[in-house]
Amino acid sequence: MMRVLVVDDQELVRTGFSLILERAGMSVVGEAGDGLAAVELALDTTPDVVLMDIRMPRLDGIEATKRLLAQLPDARVLVLTTFDLDEYVYAAVQAGASGFLLKDVSPDDLVHAVHVVARGEAMLAPTLTRRLLERFASQPLPGVLAPEVSSLTERELAVLGLVARGLSNADIASNLFLSEATVKTYMSRLLAKLGLRDRVQLAVLAYESGLVQAGESS
């Protein structure tokens, strides 16, 4: 059974999300109203997925994510936000979060997102991925790639570039005339080579390394 920790400073939000997840057959192992309580509770309950609010008292969701993942590297953090463009969200992704959801997400989409990140994948809508990264990723000199990216093969670079543009595995397969199984193999290879957790971090690296520039189309 999926084990989920719900973290939000609003009790009604926590209760609502918990009910949705429990009705979907998941186990809500706890609720926390601030970042410090979240880290402590996570260490006690070892959840598979943490729904993490950003703006909270005592300790915000960004620092809580850093501390939690430093001690529970196998956990997955799904950030909750009221805004679809928020500098705090990008910071949370850099801290190791596996994606983010708007708080007005539908029950079905919430359940789907938890399952997605629990599988080790990332949960960012393609349009939000691009808008978020293009707004907040640092912009290196065009044509100058970071050493980690320079070591990749031409095909791996192609896959990484499409990930950064928010394409799904199916869309990447269609663009590169590959099977989805082959794309998944490339994804696993990229994560291993670059020492990253999921496709969100791959996308961040692609922008920060100069492989993809803000404003490029897919």
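A salt bridge is a side-chain nitrogen of Lys or Arg within 4 Å of a carboxyl oxygen of Asp or Glu, and in this predicted model Asp8, Asp53 and Lys103 are linked in a network of such salt bridges. The protein averages a pLDDT of 83, with 83% of the residues scoring at least 70.

**Confidence**

- Within the protein, the mean confidence is highest in strand E1 (residues 3-7), at 97, and lowest in helix H6 (residues 126-136), at 59.

**The pair Asp8 and Lys103**

- Asp8 forms a salt bridge with Lys103, in which the closest N and O atoms are 2.8 Å apart.
- Because Asp8 lies in the loop between E1 and helix H1 (11-23), while Lys103 lies in the loop between strand E5 (100-102) and helix H5 (107-118), the pair ties together parts that are 95 residues apart in sequence.
- Asp8, with a relative accessible area of 0%, is buried.

**The pair Asp34 and Arg58**

- A salt bridge also joins the side chains of Asp34 and Arg58, with an N to O distance of 3.1 Å.
- Asp34 belongs to the loop between strand E2 (27-32) and helix H2 (35-45), and Arg58 to the loop between strand E3 (49-53) and helix H3 (61-71), so this pair ties together parts that are 24 residues apart in sequence.
- Asp34 is buried, its relative accessible area being 12%, whereas Arg58 counts as exposed at 60% relative accessibility.

**The pair Lys193 and Glu156**

- The side chains of Lys193 and Glu156 meet in a salt bridge at 2.9 Å, N to O.
- Here the partners are in helices, Lys193 in helix H10 (residues 180-194) and Glu156 in helix H8 (residues 154-164), so the pair ties together parts that are 37 residues apart in sequence.
- Lys193 is partly exposed, with a relative accessible area of 45%, whereas Glu156 counts as buried at 1% relative accessibility.

- Asn169 lies in helix H9, which covers residues 169-176.
- Asn169 counts as buried because its relative accessibility is 16%, and buried means under 20%.
- When its neighbours within four places in sequence are left aside, Asn169 is in contact with Glu180, Val183, Lys184, Met187 and Arg199.

Methods: Residues are numbered from 1 along each chain as its sequence is written. This is a predicted model: local features need pLDDT of at least 70, side-chain atom pairs count only at pLDDT 80 or more; totals for chains, interfaces and linings use all residues. Side-chain values use heavy atoms; hydrogens and water are left out. Helices (H or I, at least four residues) and strands (E, at least two) are DSSP runs, numbered from the N terminus. Buried means under 20% relative accessible area, exposed over 50%, partly exposed in between (1.4 Å probe, protein chains only). Contact means heavy atoms within 4.5 Å. pLDDT is the predictor's confidence in each residue, from 0 to 100.
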